[in-house]
Amino acid sequence: MQQELQALLLDVDGTLADTEEVHRRAFNSAFAEAGLDWNWSRDLYHQLLAVTGGKERIRYFLDAFHAARPVAGISDEYIAQLHARKTVFYTAALAAGEVPLSPGVERLIHEARHAGLRLAIVTTTTEANVTALLEHSFTADVAQWFDVIAAGNVVAKKKPAADIYEYALDKLGLAADQCLAIEDSANGLQSALAAGVDTLITINHFTRDQDFTGAAQVVDHLGEPGQPCHAIAGALPPDSLVDVAYLQRLHADCLQRRGAQAGG
Ligand code: XBP
Ligand code: MG
């Protein structure tokens, strides 16, 4: 019998909210506070997003973009301290209300809860960032809406590795074909697909040109009444809105396609 959709696995950065510009400014604030002359422009940050995880991204910057000025002696501990300050700047920006949820996110989360779907967060960002975003966007008990918050360093290998999705599936006690992921980046898509989870993509400024081959659907956002979404790949959802009924159909279509491929 075909599996029914049981849970939505939600990425955070770029998916729940358009956060990367706020992350970029928080990194630069931490660098300036430490007396470093590193300054990440939007163009550079676009390239640095190839690597997920803030600490990993700083190391990647030093290795790949800072070659002209040797940075021997920058230890993992120093990077971790810098990154902790970045988290303070970032969560302060969230507390100041600088980061609204993306169109349709709040609606879909409420609809999913009402429909009895389980919810999980699957992200490479620091857990404090997730908590801050949720608490400043919903009510104080919001963390209880999510059966699993899989974040940051709970796995050794961040996206695009499958580890964080496998971790979340294990904690949920669900199989990959009982879930659907919502992601915004190629790294996120690869991570979900590597764990066997079909994925809907919503794009943003930093990810719109990425390769989303294998995605179940690509839209510009989830859509709201009066703010229709647009299809980038795949058919336009009815009423230009990604809702639970649409996700259930998309999930069923994905399973049918997988079944047909397996059957040759
Ligand atoms: C996005 C990321 C994160 C953030 C920065 O992950 O790659 O690293 O850019 O957050 P996702 P930290 O889309 O999976 O949420 O500095 O806390 O790592
Ligand atoms: Mg993301």
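**Entry 1: the pocket and its ligand**

I started with the site of ligand 1, which sits in the largest pocket of this predicted model. For my own record, a pocket is searched on a 1 Å grid over the protein atoms alone; it is an open set of points where a 1.4 Å probe fits, with protein on both sides within 12 Å along at least five of seven lines. A molecule sits in a pocket if more than half of its atoms lie within 2 Å of the grid points of that pocket.

Before going further I noted the ground rules: residues are numbered from 1 along each chain as its sequence is written, while chains are lettered from A and ligands numbered from 1 in the order in which they are written. The model being predicted, local features need pLDDT of at least 70, side-chain atom pairs count only at pLDDT 80 or more, and totals for chains, interfaces and linings use all residues, with side-chain values using heavy atoms and leaving out hydrogens and water.

**Entry 2: who surrounds the ligand?**

Which residues come nearest to ligand 1? I found G54, R57, T123, T124 and T126, out of 19 residues around the ligand. A residue is near if one of its heavy atoms lies within 4 Å of the molecule.

Next I sorted the shell by class and got three nonpolar, 10 polar and six charged residues. Here Ala, Val, Leu, Ile, Met, Phe, Trp, Tyr, Cys and Pro count as nonpolar, Asp, Glu, Lys and Arg as charged, and the others, Gly among them, as polar.

Which helix gives the most to this shell? I looked it up: α1 does, with three residues. Helices α1 (20-33), α3 (54-65) and α4 (76-95) each supply at least two residues. Helices (H or I, at least four residues) and strands (E, at least two) are DSSP runs, numbered from the N terminus.

**Entry 3: polar contacts of the ligand**

I then listed polar contacts, meaning pairs of N or O atoms within 3.5 Å; within protein, one atom must be able to donate a hydrogen and the other to accept it, and residues adjacent in sequence count only if both atoms are side-chain atoms.

- An oxygen of ligand 1 is 2.6 Å from a polar backbone atom of G54.
- In the side chain of T124, an N or O atom is 2.6 Å from an oxygen of ligand 1.
- For T125, I read 2.7 Å between an N or O atom of the side chain and an oxygen of ligand 1.

How much of ligand 1 does the protein bury? Taken alone the ligand exposes 450 Å², and the protein buries 96% of that. These areas come from the Shrake-Rupley method with a 1.4 Å probe.

**Entry 4: buried side chains**

I moved on to single residues, with buried meaning under 20% relative accessible area, exposed over 50%, and partly exposed in between (1.4 Å probe, protein chains only).

N187 lies in helix α8 (residues 186-194). I have it as buried, because its relative accessible area is 15%. A polar atom of the N187 side chain lies 3.1 Å from the backbone oxygen of A50.

T199 belongs to strand β5 (residues 198-202). It counts as buried because its relative accessible area is 0%. Its side chain reaches the backbone oxygen of V197 at 3.0 Å.

**Entry 5: pairs apart in sequence**

K86 is in helix α4 and is buried at a relative accessible area of 3%. I checked K86 against N28: they are 58 residues apart in sequence, with 8.1 Å from C-alpha to C-alpha.

L44, in helix α2 (residues 42-48), is buried at 14%. Its C-alpha is 8.8 Å from that of F65, which is 21 residues apart in sequence.

A132 lies in helix α6 (residues 127-137) and is buried at 9%.

Most residues other than glycine have a negative phi, and most peptide bonds are trans, so I looked for exceptions.

Where is the cis peptide bond? It joins K159 and P160, with omega about 15°. P160 is in the loop between β3 (148-150) and α7 (163-172).

D239 has a positive phi of about 60° without being a glycine, and S240 has one near 55°. Buried or exposed? D239 is exposed at 74%, whereas S240 is buried at 14%.

Note on methods: On a 1 Å grid over the protein atoms alone, a cavity is a set of points where a 1.4 Å probe fits but cannot get out, and a pocket is an open set with protein on both sides within 12 Å along at least five of seven lines; lining residues have an atom within 4 Å of a point.
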